[in-house]
Structures are given as structure tokens and as C-alpha cells.
Amino acid sequence: MSASLHSSMLTVHPTSCLSFRLLETDSKSLRSMNGSRRNSGSSLVSSSSASSNLSHLEEDSWILWGRIVNEWEDVRKKKEKQLKDLVRKGVPHHFRAIVWQLLCNAQNMPIKDQYSELLKMTSPCEKLIRRDIARTYPEHEFFKEKDSLGQEVLFNVMKAYSLVDREVGYCQGSAFIVGLLLMQMPEEEAFCVFVKLMQDYRLRELFKPSMAELGLCMYQFECMIQEQLPELHIHFQAQSFHTSMYASSWFLTIFLTSFPLPVATRIFDIFMCEGLEIVFRVGLAILQMNQTELIQLDMEGMLQHFQRVIPHQLDSGPDKVIQAAYQVKYNAKKMKKLEKEYTTIKTKEMEEQVEIKRLRTENRLLKQRIDTLEKKGAPRYSEESVLQLERELVQARLKEAESQCALKEMQDKILDMEKRNTSLPDDTNVARLQEELIGVKLREAEALTGLKELRQQVRDLEEHWQRHLARTAGRWKDSPRKNTVSELQDELMSVRLREAEVQAELRETRQRMLEMETQNQIHSNQLRRAEQESRCLQECVQTLTVQNKDLHVQLQEIKRRQAEIECKSKEEVMAVRLREADNIAAMAELQQQISELEIQKEEGKVQGQLNHTDSSQYIRDLKDQIGELKHEICCLKGQRGLASQPTFDGIHIVNHYVGDDGSYQSSDEDGVKDPTLQDSQHRSRGRIRLRPNLQDTDSEEEDEDALRLSVPQSSSHKSTTV
């Protein structure tokens, strides 16, 4: 922090003895707090107690951090940059417990009340935690002895968190962070701080079973190396020296397993204030400092260098590496871009892995089927086996389609949940409300402290007044001048008492005013959130109304199209029926013409016999005409067969021939014969007068005169007049 902040912190109350008493009280409370940790056993003992012979610089640091803690909200809001500078220079050991809690807002978490109940429950991760407890800080006094107090409280915190967050449970590496917290504060407070770190500092994503966040950090860190240290990156690629081989522990334990504990603790101070950015910066600074040596080593040499050489480089202190870390270029926007690129790459890899897994499953099933057929000794696939394989393939494809549908439904649910999450208050609003609540509580505590001080002053004045009265009980014996002075002193004391009472009433009034302002602010926030929810609901109602109108319009359009299709189908049915009726009528007429032509043929034969002339040409013409007419009948029958559809209303047409002469009749289900054909048959039994058109005759007399031929009316003879 700058000198101006330092001076302002030190000169808040320059002439007041109360400020020094407060600092004295703070230091005593800190010492008593550390002592209580030693006695209660709920936290690690400080590595070294406060020395009685503190240097002037240490005393200034204590006074400065005491002011910062007492005025935390104002410093955090108004002088954030100076606070960051101070944290980078290091937090004093005895202030780390309270400062870490204030930095991560973990001082009043509701989950702290559940801690004792969680310890009574059983966790499925207890065996794993017990196994790794002895490996956590094995050389530290507080943790190295088996079943010691340090191992017990470390086990309690890890067990409690595994019950709170069952998805993460317990992960190796997290115990080092909890152990460092237990070195500074009691186990309940360490548990609350660890929960806050997992939720707000990306540690929970790092410790998930998939460790997707760790892969993202490795990708971002490797891109930073490629950009800022290209020669070292090429050397790592040539030696197949992956980033996770040396940097994964940096991110999982915040350098607690890689560096000496004092150095790692200083880095952890900055991590509590600025997040994972310091890990990227320190990691790249270490690579810059050791680039020359690393380029000359192979893979095994580089591993040994990271494990043995680099930790001893920092024995002198962390200031050098921290200064180098803040010379590293770190672009937050570029890190966000790299995060999107990594997400896209991982999504494609997941899709490819799903497809490969599906193909491998199908391949395995086919191999099993082939092995089964080979064991049966079948020289070739039979039709049944081929059909069985096809059925199995169809079932596999159906299952795949079902799984794809299920996946689509899950994705839709995820999108729906994300939309719902966007409607909820975001983290910034919650953090702001928490800050407001903390500020209100601090103001309330300040007001109560001031009220207590005023009441103490009133009590002191009353005691002083009583003593004064006791001393001046015999003032009537004194001279009048002394009595006057005593009266003036009494009046002065009375004025002071009234002044103290008025100040106390004024403090109480201010306290009530603060409470009213706090309630007003809370109600205003609730009203603002209610208005936001109301606006969101109105927008949803408008959207649903528009969708309902669109669906109604679509429904009307579908009904209209359905009505048009029904009309067209009815028209087509009527047209088919009309064509069928026309074909039936045309076939009846042609059959009648055939009958008449055959009669003409017979009459022509008779006429040829009577006239002793050659009628072969006439007969051939008649046969040609009969053949053409029969061909037309066949064509009409074919068209009728194509035009017939099963959608007609129960009218069935039956065509058949009657008699030896091939006469055609058409009848329906009632069996009613065609009256025209009946009339022609009736006339064929009696006398029929015909006028044939003979193309080979030129005389008109033959056309006008009719030849009459009498045939007896019997079963074997007919009488016809020609």
C-alpha cells in the first residue's frame, strides 16, 4: 500500500487514547485466540509466537493490518489497489486467519452450524482420507505423528466436505490446502474457508472426477508457453515433455507440494486475493528463470530439475519469483478465448469417442456372431443367419436412434435449466447483497460499541459525582466563597451528566435510524427483484401469445388444405364413375352392331346362294368389320378394368355373352337385362328387315328391293326376310 494510505491509516484518531486501547485489545485478542487454539486443539499452533522485542517495522505492520481489519469494508471498496499491493508484500502470520476469511467472505457462513452434525455421519471416502492423511505434510510437527491432533482435525474437515459435496467427495491434493488452513485457524473456520475456495476459486472444477478444469488450465498454460517462451516449448515438444507432467500439482495444490512452505504461503496469500491468475504467472516466471538449464536437459533430467533444483532456488524467499511473476504478460480476454477453443476441441473429441465406441460395439457383436457361426461349422451363411443378422442390425440401429433421442431430450433439458439459471440472481448480485449485509452488521457493531462506551462514561461520571457528594457533605461549615465554588462545580457536573445522557440518546437515535435504513434497503432490493420477475413473466406471456396465434393460423391453413383435398378426391371419384358408365354404353352399342353385322353376314350368304354369285369379298369385309369391333370392345374392357377402383359405392358391373352368336349383355346385381338386346333377340326370332351396305354392288335396285326368305319357326330353322 502506498505511503498516503499508510499515513491515513495511522492518523485516523491522532489524539485519541481510545485507538491505542483498541489496538492493544486487538493484539491481546489475537494472542488469546492463538492460545485458545493451542488449548482446544481445533487448529494448528503457530510456528512461532509473537516476540516481545518486535522491530519498529513489524510494529508498524501490525498497526496497519489492525486498521485494515477494523475498517475492512471501506478499504475493500475504496482502496482495492493498495490492498492488493499490501497482500502481494505478504500478510502477517497472526493476521492470516481473519484476513483470509475476509478475502473470501467466509466469516459468517450458515454451513458452519452444520459442521458438528456432519462429523457424526459416515462418509464413503473415509478409508481414502485415512490412507492419505499420513502423506500430508509428513515432516511438519503438527501432522507427522500418527493419530495426532493435527491428523484428526484434518480428517474431520476432509470428511465433512466429502459429505457436503458428494459429486467431488475426496480428491488427492485437496488435503494440502486444508492442512495449510488448519495451520492458521480452527477447524470450523478452516472448513468454511475451504468450502468457499471450492465454490468461488475454480477448485471444485479442478477436483471433479473428470478434472476437465485441470485440462483447461494445462491447455491455457501451454499456449502461454508457446507464445512467450517459444524455444522452450519446441524443446518440450521434441522431448514429449507434456505440461501435465510438471504443472498439474502447481494448480491442484497452489505450489504447496512443490515449494517450501513459507514461499507457498506467500503465494497462497495472493491466490486468496486474486485467484488462479497468480498460479499462471508464477509458473511462467519459474520457466523463464530456468529456461537455459531446461533446454539442455532430456525428459528425465527435466523431471529431476523440477523436483530437486527449483525448490531450493526459492529458499532465500519468495520476493524474487513474485516480482518476476508480475512481469509476465497475462491477458484475461485471451484466456477466455482459449477456454472457448478448448471447449470446442473437447466437444468434437467426445463426439468422435461416442462414434468410435458405437462402431467398436457393433464390431464386437459381429465378431461374436462370426465366431459362433464358425464354431457351428457352417461353411457359409445360411438365409436364416443372414436374416437374423439383419434383424440384429435393425435392432441396434433402433437402439441407437432411441439413445440419440434421449440425448436430444437431455440437451433440451440442459438448455431449459440454463435459461432458468439466467433468470435467477447472478453471482454479482448475491455478492453485492452479502457485502451490504456485512456492512450493515459492521455498522451495527460500531454503533453498539459507541453506545457501550457512552454508557460507561455515564457510569464513570455518576461514580465521580457520588464521590464528589461524599467529599462535600460538610460544605455548610465552609465559608460562603467555598460554597459558591462548590455549587458551580455541582452545576458543571450536572451539565456534563446531561450532556452524556443527550449523547447516549443521540447514539440510540442514530442506531434506530441505521436499522430503519437497513430495512428500507432490504425492502428496496426485494421490490426490485419482484419487478424483474414480473417483467420476465410478462415477456414470457407475450411470447406464448404470439406462438398461440401462429399455431392457430397454421391450424386454419391445415383445415383449408384438408377441405380442398377432400373436394378434389370427390371430383375424381365422380369422373371415374362417369367414364365407366360411358364405356359400358359404348360396349353395348358395339355389341349390338356386331349382332347386326353377323345377321347381315348370314343374309349375305343367303343372297349369294340365291343369286349364284361370288359373295366371298362381301363376307371378308363383314369379318374385318367384326374383328375391328371386337378389338374396340377389348380396348374398352381394358380401360374399364384400369378405371375401376375399390372406392366406388357398391355397384358391380358384370359382362357376359349370351347365345351362340356371341351377343353381349350388361347386367347389374338385380339381373335386369338390356332392353335393346332383348328387342334385337326378339326380332331375330321373327322377321328382320336389314339394308346392308354392300360396297361391291352398284345397283340401287338391290338396295331398295328386299329379298324375302321364309324359314320355318322351329328349333333348328329360322325364317328371315332379306
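Salt bridges number 23 in this predicted model, counting a pair when a side-chain nitrogen of Lys or Arg lies within 4 Å of a carboxyl oxygen of Asp or Glu. Side chains of opposite charge can pair when their charged atoms come close. A few of these pairs can be followed one at a time.

One of them joins D132 to R135, whose side chains meet with 3.3 Å from N to O. D132 has a relative accessibility of 5%, and because buried means under 20% relative accessible area, this residue counts as buried.

Another pair is made by E141 and K144, where the closest N and O atoms are 3.2 Å apart. Here E141 is exposed, its relative accessible area being 58%, while K144, with a relative accessible area of 41%, is partly exposed.

E167 itself is partly exposed, with a relative accessible area of 47%. The pair also belongs to a network, since salt bridges that share partners join D165, E167, R204, E205 and K208 into one.

Definitions and conventions. Residues numbered from 1 in each chain as written. Predicted model: local features only at pLDDT ≥ 70, side-chain atom pairs only at ≥ 80, totals over all residues. Heavy atoms only, no water. Buried < 20%, exposed > 50% of the residue type's maximum accessible area, 1.4 Å probe, protein only.
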